[in-house]
Amino acid sequence: MKVLILGGTTEAGALARALAEREIPARYSYAGRVAAPKLQPLPTRVGGFGGAAGLAAFLTAEHITHLVDATHPFAEQMSRHAVAAAEQTGTRLLALTRPPWTPQHGDDWQRVDGIEAAVDALSGPPQRVLLAIGRLHLAAFAARPRHHYLLRLVDRPEAPPPLPRHTLTVDRGPFTREGDLALLREHGVERLVCKNAGGTGAAAKLEAARLLHLPVVMIDRPALPARREAHGVDDVLDWLRHDTAPHEGVERGV
Ligand code: NAP
């Protein structure tokens, strides 16, 4: 048995620790988006594979038997490639996912189905907006230049974001409710825009928005092809135990 974790999330890190503790042979893969990714207790590779075909070639060359897609729910392309490459090579595939957030009592959410729809949702008068969507799609919001955007990014971008009015804060989760309350108050935020990532690491801003009665533009997750899913590390370990050919072994991955 040999596992490949497609990572970049808190859950992927937790799985990496669990596999390392059990001495299950595994590798961890980062896209290479952040300057100093967290060290993992597994041999780690960084960078794209070169599409679904490149991933399929990697799976074959590295004799990967089990592929765990533990990428972020908005990493749509990687997840599609994982499905295609697993199918092509006969590699077992499991997605380690987290349930989406659902609105709680007191929440004021406007749900939209993508970045463009989120931009459309900001058609009103100028506001101070926490734009918590990562760095890749910031340019789309240049179409709404009248707002002041508060951006929270993992790394300081090489080029300034193309938004005429913005404040940049560089920080990495997990975030706390108190910290996010302070951030929203300090910057006079009136509205939030975020992706429905789910999980705990980035949920604090929603709690803070609820307490401050702030509206949230919530971007729904992209639809993905059907695949087997697990919601926790223990479920992945069960899957490895049960979805394994007898000669592969799981305890020590012989
Ligand atoms: P994406 O749009 O689905 O992927 C674009 C390309 O990046 C993929 O086709 C692949 O390149 C490469 N890639 C993505 N994840 C990879 C991985 N774990 N290992 C190796 N290559 C990977 O992905 P994304 O939204 O840019 O996300 C990139 C990474 O950041 C992921 O690991 C994800 O878990 C993490 N992340 C994303 C978000 C988000 O909001 N999207 C938030 C937090 C963390 P090739 O086609 O060349 O193989």
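A backbone N or O atom of Gly51 sits 3.1 Å from an oxygen atom of the ligand. Before that, the ground rules. This is a predicted model, in which local features need pLDDT of at least 70 and side-chain atom pairs count only at pLDDT 80 or more, while totals for chains, interfaces and linings use all residues. Residues are numbered from 1 along each chain as its sequence is written, and side-chain values use heavy atoms, with hydrogens and water left out.

Back to the ligand. A backbone N or O atom of Ala75 is 3.2 Å from an oxygen atom of the ligand. From Gln77 it is a polar side-chain atom that lies 2.9 Å from an oxygen atom of the ligand. The ligand taken alone exposes 810 Å², and the protein buries 80% of that; accessible areas come from the Shrake-Rupley method with a 1.4 Å probe, and for residues only the protein chains shown count as cover.

Next, the shell. There are 24 residues around the ligand, and Gly7, Ser29, Phe49, Met78 and Lys195 come nearest; near means that a heavy atom of the residue lies within 4 Å. By type, the shell divides into eight nonpolar, twelve polar and four charged residues. Here Ala, Val, Leu, Ile, Met, Phe, Trp, Tyr, Cys and Pro count as nonpolar, Asp, Glu, Lys and Arg as charged, and the others, Gly among them, as polar.

Helices (H or I, at least four residues) and strands (E, at least two) are DSSP runs, numbered from the N terminus.

Now helix H2, residues 51-61. Its buried residues are Ala52, Gly54, Leu55, Ala56, Phe58 and Leu59. Buried means under 20% relative accessible area, exposed over 50%, and partly exposed in between, with a 1.4 Å probe and protein chains only. The buried residues of H2 pack against strands S1 (3-6), S2, S3 (44-46) and S4 (66-69), and against H3; contact means heavy atoms within 4.5 Å.

A search of the whole structure finds three aromatic pairs. In one of them, the ring centres of Phe49 and Phe58 are 5.2 Å apart and the planes stand at 65°, so the pair is edge-to-face. Rings of Phe, Tyr and Trp (its six-membered ring) pair if their centres lie within 6.5 Å, with planes under 30 degrees apart counted as stacked, over 60 as edge-to-face and the rest as tilted. Phe49 and Phe58 are both buried.

Just after H2, His63 takes a positive phi of about 55°. Thr65 lies in the loop between H2 and S4. Is Thr65 buried or exposed? Thr65 counts as buried, because its relative accessibility is 17%. The side chains of Thr65 and His66 are joined by a polar contact of 2.8 Å. A polar contact is a pair of N or O atoms within 3.5 Å; within protein, one must be able to donate a hydrogen and the other to accept it, and residues adjacent in sequence count only if both atoms are side-chain atoms.

Last, some backbone details. Glu23, in the loop between helix H1 (10-21) and S2, has a positive phi of about 55° although it is not a glycine. The peptide bond from Gly173 to Pro174 is cis, with omega near 0°.
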